[in-house]
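Hi everyone, thanks for making time this morning.

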Amino acid sequence: MGPQEKRFLFIMRSVLHYFGEEGLRPVLRHLRAQAKPGEYFIHQTASFRRQEDADCLNELYQMMRTQKWYPTVDFLCECLRAEGWQVLEVLPVLPLHLTCNDLMQRYHIDQKDVLHISDRLSINSPVSDEVFKKTDGGFCAFLHYWIYVCTATTPVNVTT
């Protein structure tokens, strides 16, 4: 088997949120440019079924002074298709439970920040307990992960 006959499998876990909304499509386009038609891109990405849930977690991470950004499942699928990926499957994964104590350590926020976040998001966000809930002295949040199984499609703008 020669080098032209080899296939690659791209695997990524919990990375796309670092590129933000503006950087998502360019990175998907760059990854697609590396793949031959029929090669696979499998990634686990935190994303949400409802826009309200994505908005809540995006506001949470903004309030913790991070640049992370989480899309909806539909928006991510739309971006993947627009950049030359066929989405074969989207499979749910158990949510990641995030306590405010864990987030305090990771993002260097204090108890005052926690109480502010808890009050603001529990009042302003029409979100389910499966995404964010206020607790005594803080909150807990849940990142909902999905596994996206994609294959590179034949480029549409190829000139022959």
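Let's begin with Cys79, which counts as buried, with a relative accessibility of 1%. Please keep in mind that this is a predicted model. Is Cys79 part of a disulfide, or is it in none? It is in no disulfide, and the nearest cysteine sulfur belongs to Cys77, 9.4 Å away. For reference, the cut-off for a disulfide is two cysteine sulfur atoms within 2.5 Å. Searching the whole structure turns up 0 disulfides.

Now, back to Cys79, as it leads us to the helices. Cys79 is one of the residues of H3 that meet H1, along with Phe75, Leu76, Leu80 and Ala82. On the H1 side, the residues are Glu21, Leu24, Arg25 and Leu28. Sorted by class, that contact has 7 nonpolar residues, 2 charged ones and no polar ones. As for geometry, H1 covers residues 20–34 and H3 covers residues 73–82, and their axes come within 9 Å. They cross at roughly 40°, and the crossing is right-handed.

Next, the sheet. How many strands does the open sheet have, and in what order? There are 4 strands, in the order S1-S2-S7-S3, and the pairing is mixed. At the edges stand S1 (9–13) and S3 (85–92); each has a single partner strand, so one side of each has no neighbour in the sheet. From one strand to the next, the twist averages 15°.

The partner here is S7, residues 145–152; S3 and S7 run antiparallel and are joined by 7 bridges. Within that pairing, Trp85 stands opposite Ala152 in S7.

H1 lies across S1, S2 (40–46), S3 and S7, and runs at about 115° to S3. H3 lies across S2, S3 and S7, and runs at about 155° to S3. So to picture it, start from the buried Cys79, follow H3 to its contact with H1, and then look at the strands that both helices lie across, S3 and S7 among them.

Thanks, and I'm happy to take questions!

Terms used: Residues numbered from 1 in each chain as written. Predicted model: local features only at pLDDT ≥ 70, side-chain atom pairs only at ≥ 80, totals over all residues. Heavy atoms only, no water. Axes fitted to C-alpha atoms, helices over the stretch in contact; angles between N-to-C directions. Helix = DSSP H or I, 4+ residues; strand = E, 2+ residues; numbered from the N terminus. Left-handed = near helix turned anticlockwise from the far one by under 90°. Contact = heavy atoms within 4.5 Å. Nonpolar A, V, L, I, M, F, W, Y, C, P; charged D, E, K, R; others polar. Buried < 20%, exposed > 50% of the residue type's maximum accessible area, 1.4 Å probe, protein only. Pairing = 2+ DSSP bridges.
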